[in-house]
Amino acid sequence: MANLNLTLKVWRQENAQAQGRIETYKATNIPDEASFLEMLDIVNEGLVHEGKEPIHFDHDCREGICGMCSLTINGVPHGGKHVTTCQLHMRQFKDGDTIWIEPFRAKAFPLLRDLMVDRTALDNIIAAGGFVDIRTGSAPNANNVPIRKKTADAAFDAAACIGCGACVASCKNSSAMLFTSAKAAHLNLLPQGQPEKNKRVLAMVQQMDALGFGNCTNQYECEAACPKGITVDNIAKLNRDYMIACASEAVGVYS
Amino acid sequence: MNDIITTACKFVTSSIGRKILVALTGMCLLLFLVGHLAGNMTIFGGLSPEGGTSWIDSYATGLHSMPAWLLWAIRLGLLAILLVHVGLTLILKYENYTARTHYQMEGTLKATLASRTMVLTGVMIFAFLGFHLWQLTFNGDPHDCYHHILAAFQNPWCSAFYIVAICCLFMHVRHGVQSIFQTLGLNTRKIRPLYNIIAILFGVVVCGLFISIPVCVLTGILH
Amino acid sequence: MNDIKFPVSDYMPSSCIPEGPIEQKWTKYKREAKLINPNNRRKYTVLIVGTGLAGGSAAATLAELGYNVKCFCYQDSPRRAHSIAAQGGINAAHNYQNDGDSVYRLFYDTVKGGDFRAREANVYRLAEVSANIINQCVAQGVPFGREYGGLLDNRSFGGAQLKRTFYSRGQTGQQLLLGAYQAMEKEIGKGHIEMHPRTEMMDLVVVDGHAKGIVVRDLVTGEIKSYAGDTVLLATGGYGRVFFLSTNAMGCNVGAACACWKKGAYFANPCFTQIHPTCIPVKGDYQSKLTLMSESLRNDGRIWVPKSREVAEKIRKGEMKPSDVAEGDRDYYLERKYPSFGNLAPRDISSRAAKEACDDERGVAPTGRGVFLDFKDAIARMGKEWIDGQYGNLFEMYEEITDVDPHEQPMMIYPASHYTMGGLWVDYNLMSSIPGLHVLGEANFSDHGANRLGASALMQGLSDGYFVISSTLPTYLTTQKPGSVTTAAPEFKEAEEAVKARIQKMMDIHGTQTPDEIHRKLGKLIWEDVGMGRTKESLLDAISKIPAIRDEFWNDVKIVGSTEGINAELEKAWRVAATLDFAEVLCYDALAREESCGAHFRLEHMLPDGEAKRDDEHFAYVAAWEYTGTGELPILHKEPLTFENIHLAIRSYK
């Protein structure tokens, strides 16, 4: 165990309207076993004692599953180690390092304060079609429909998305294709998702476009930044499903 | 009928629909490239021994001997495909630019240089295309293509421009080819490395062969 | 005898349990329950606070039925509620494994697991609807683990001798919550739910004795606002953060429940706090939370400490690798003490056994507080690939946090505060002692008695939200004229002003300690004195020190920033203040309950072999505490527990 001394370059912005800027802070005596957010806690405790406003950032579960934490570290959302920021540990850094900390940036994610952004747009995409429209209490027995294990596993892999928005923040075009396609793939793969498949795909893509996200240019930056290993195979599947959905809607083939 | 039109309109205004059109037009342009390359390779047939027409001249006159309406239909078709490809790309690019807020410290994990410079290389190729058409198509003589090409490439500036443009084409194709599979939904994690190999091989072979012409002219192999 | 004489009241609201044999109570209830015409449902406004499994599923279900739902959460999206972190699984009496499961068995295991301190009728209902929960979730597209034949797979969990736990790898809570969240988003999209994220409930508004609204703070603008409704559903989770370090999320807090308690809702069995046996041990003072390693790991991991203190000492100092300890030098203490349940003994028992081993100076973490969870044998038996298929993400998570690969060296674990069985008292309708205030999920005193079995929390949250509240809510609503109360009522203004005044009071202190520093002090005290082993002495110690910490807060807290806009320090301070108001009743309850049962272990009350000594004659009741004022002794109300279907017996897992 060792202690680190670091220089932080942090984006500070009082609110959505204010002018933002990078400010420099010293983080001293940081245990290398601490998590990245605990490092910020230590810095913030120091700031509060000096009577200064602490650095605001989103965080909640601190075990890598809620998807609330959202820092862009040295230009890469979550720091690019295939974990969420809260699971990033200081042993990944060296004594004397300078670390740039910025919010998740995209026009569709308006900044709220410092490092906090509003990711409601992702909820809106789900509301457009990321569900199976069944009523509570109307479900048949769970074992009535057998599902191939590989299919179920693939659906799970897509469903593992935590909705953090790192895909959007890392994308050079701020596209939400990985997020949208992961939810679409999760439901489109399963037999339960079939009745609404075309409707879902068309609605989710339309909503995604309307919210001002960019367009995918197949650079796969999202996949590399994703803390949950969601693959761009889902994007390929969404493209495929979208073509099929458009074709069958246009021609009137309802399989 | 209404359904078809409404769906088509939605398709061509949606992000995925337009990407698919870019991919499909890109694919057509790649096919053209292959055809064009095959024609160009006739230059290595050299002049026929009897001092008659060269291989490439016969190819060129052959092309010109097809009915004018067909020739122009192909030309206009290609132009339309090109304009759709370029136009849609520029619109998408503009949208992407406005969708993004920039970082003070930019970081990149995986995006290749080729993928990040698609518009730049595309513009280079487009500019080159204009020059290329002006120099060899509109100011050329189909009956003496061979010497015209030789003359053009003996100018080192002209060759250099050609080579740089083809390098841009390589970059463009390297990202474009594998991107087509992804956009058309034919990609999976298992097969992705294969697409990358196809993209690079395609780029190397096609661009290598294109570049071989000015290189051979400059080194005197073709004379 | 206690030095403190608690005021005891004879009054106890009816638990409204339907008559008849236990198997027929719920059916009978539903048959006779009041109904609301579909066209009239939209006239009723339902306020739901919290969007976890209970709140989210209730919001979706009630909106589907046609109620006008308004939903609130402090997170930026309903999908982030802490239910998402549940790892292991969800129980259901489907008997897909053909190992003899039934509704009765699940009911029996749950009551026994809770050490006979839960209400029989509620638990039976829970077991009854459990199978439907799985059906519901599968239909929503929740990707549960499956067998090669395509049917659902099950795993076993602590406190059960059969496999009835459905799972989605190590992310069951996440997948179930996303199912509920998607159902909710569907209704948000249709305009049936008005969603208010980043909004924290500050107070309950009671009009003429009925819960008719809430006061909230918009966490983005800082504005204090009110919402009126015909009923309030509280689904705000537990109070585990009273220990400061816990497996709960950073934002989890008792604020909303405490506000309801202060407005007259009884708080039941607060001393039943579950300490989860398998968490990653504490590493330092800066630590913000403890990470849970799913109990499902105990299916294949074996728990041990060295037999001798010398070996333990060497491991602590790093002079010896755990994998080098010879088989003969290892004490697999759970297998030794509880041969029939072994490593799958219930949580309270496993936690206490770990504490005992560490108290015996055989702990292995550098702090001396840790035991091993070893997969060596399972890897040898089933292969690395199989283990990764079962627990891959947990192994990765462990390695990420500790830098130790659990394939090579055993995991190091230690108990940590995890779940709270206690909560606001509710009747069979899930209504609290304030008419109109319904409490769901972990926030109510729940169906888990003195100890919750693994994989039962998800079951209870979803049961309350999907199946129970939709049937019981009309019982209250039909007595109310829809929309009879609006925010124009003077009670709203009063409550808003009180909230604003309390915030201003905090802001004006300008002291020297951050809210977290004070919270840490409280947490440390509660963990030491009211943790796994409690004594009268320790409890009196805590009771004497809590007011001092509260005074420290109200005299010395330092909150920078302003009340307008986002202010994380103010949010923390508000929550800490509520925790400080609540902390004493936890100690009072632990002190008043002169027995050991489930997670509540009084060192004075144990059997000669060290097991919990329950006192059914004097303590077979739910202790429901009524607030009388901060720093004042609360009034104890008792709801007697009768066991007509299960024979009260000493809970043995040997």
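**Strand pairing, core and chain contacts in a predicted model**

Strand 14 of chain C pairs with strand 15 (residues 330-331) of chain C in the antiparallel sense, over two bridges. The structure is a predicted model. Within this pairing, C:Pro306 has C:Arg330 of strand 15 of chain C as its bridge partner. Strand 14 (residues 302-306) of chain C also pairs with strand 16 (residues 371-374) of chain C; these two run antiparallel and are joined by three bridges. Strand 14 of chain C is mostly covered, with four of its five residues buried.

A further antiparallel arrangement in chain C is an open sheet of three strands in the order 8-9-10. Strand 8 (199-207) and strand 10 (224-228) of chain C are its edge strands, each pairing on one side only. On average, neighbouring strands of the sheet are turned by 30° against each other, direction ignored. Strand 8 of chain C is joined to strand 9 (residues 210-218) of chain C by eight bridges, and the bridge partner of C:Val206 in strand 9 of chain C is C:Ala211. Helix 14 (residues 490-507) of chain C packs on this sheet and touches strand 8, strand 9 and strand 10 of chain C. The direction of helix 14 makes about 135° with that of strand 8 of chain C.

The largest nonpolar core has 337 residues, of which C:Leu233, C:Leu234, C:Cys260 and C:Leu424 touch the most other members. Helix 17 (residues 568-592) of chain C supplies the largest share of this core, 16 residues. Domain 1 (3-113) and domain 2 (120-251) of chain A both give residues to the core, so it lies between them. Residues up to four places away in sequence aside, C:Leu233 touches C:Val46, C:Leu47, C:Ile48, C:Val49, C:Gly55, C:Ala58, C:His438, C:Leu440 and C:Ile469. In soluble globular proteins, nonpolar side chains tend to be buried together.

Helix 17 of chain C also contains C:Glu571. With 19 other C-beta atoms within 10 Å, C:Glu571 is classed as partly exposed, because a buried residue requires 20 or more. Apart from neighbours within four places in sequence, C:Glu571 is in contact with C:Glu200 and C:Leu219. C:Glu200 and C:Glu571 are 371 residues apart along the chain, and their C-alpha atoms are separated by 8.9 Å.

The contact between chain A and chain B takes 44 residues from chain A and 38 residues from chain B. On the side of chain A that touches chain B, two or more residues each come from strand 5 (98-103), helix 6 (197-210), helix 7 (221-225) and helix 8 (233-251) of chain A. Helix 8 of chain A provides the largest share of that side, 11 residues. By class, the side of chain A that touches chain B comprises 18 nonpolar, 16 polar and 10 charged residues.

Chain B has nine helices and zero strands, giving the pattern α-α-α-α-α-α-α-α-α along the sequence. Taken along the principal axes, its C-alpha atoms fill a box of roughly 60 × 50 × 35 Å. Of the 223 residues of chain B, 28% count as buried. Among contacts in chain B between residues at least 6 apart in sequence, those joining residues at least 24 apart make up 77%.

Conventions:
Residues numbered from 1 in each chain as written. Chains lettered and ligands numbered in written order. Predicted model: local features only at pLDDT ≥ 70, side-chain atom pairs only at ≥ 80, totals over all residues. Contact = placed C-beta atoms within 7 Å. Nonpolar A, V, L, I, M, F, W, Y, C, P; charged D, E, K, R; others polar. Buried ≥ 20, exposed ≤ 12 C-beta atoms within 10 Å, placed from the backbone. Pairing = 2+ DSSP bridges. Core = buried A, V, L, I, M, F, W, Y, C linked by C-beta atoms within 7 Å. Domains from an automatic or database assignment. Axes fitted to C-alpha atoms, helices over the stretch in contact; angles between N-to-C directions.
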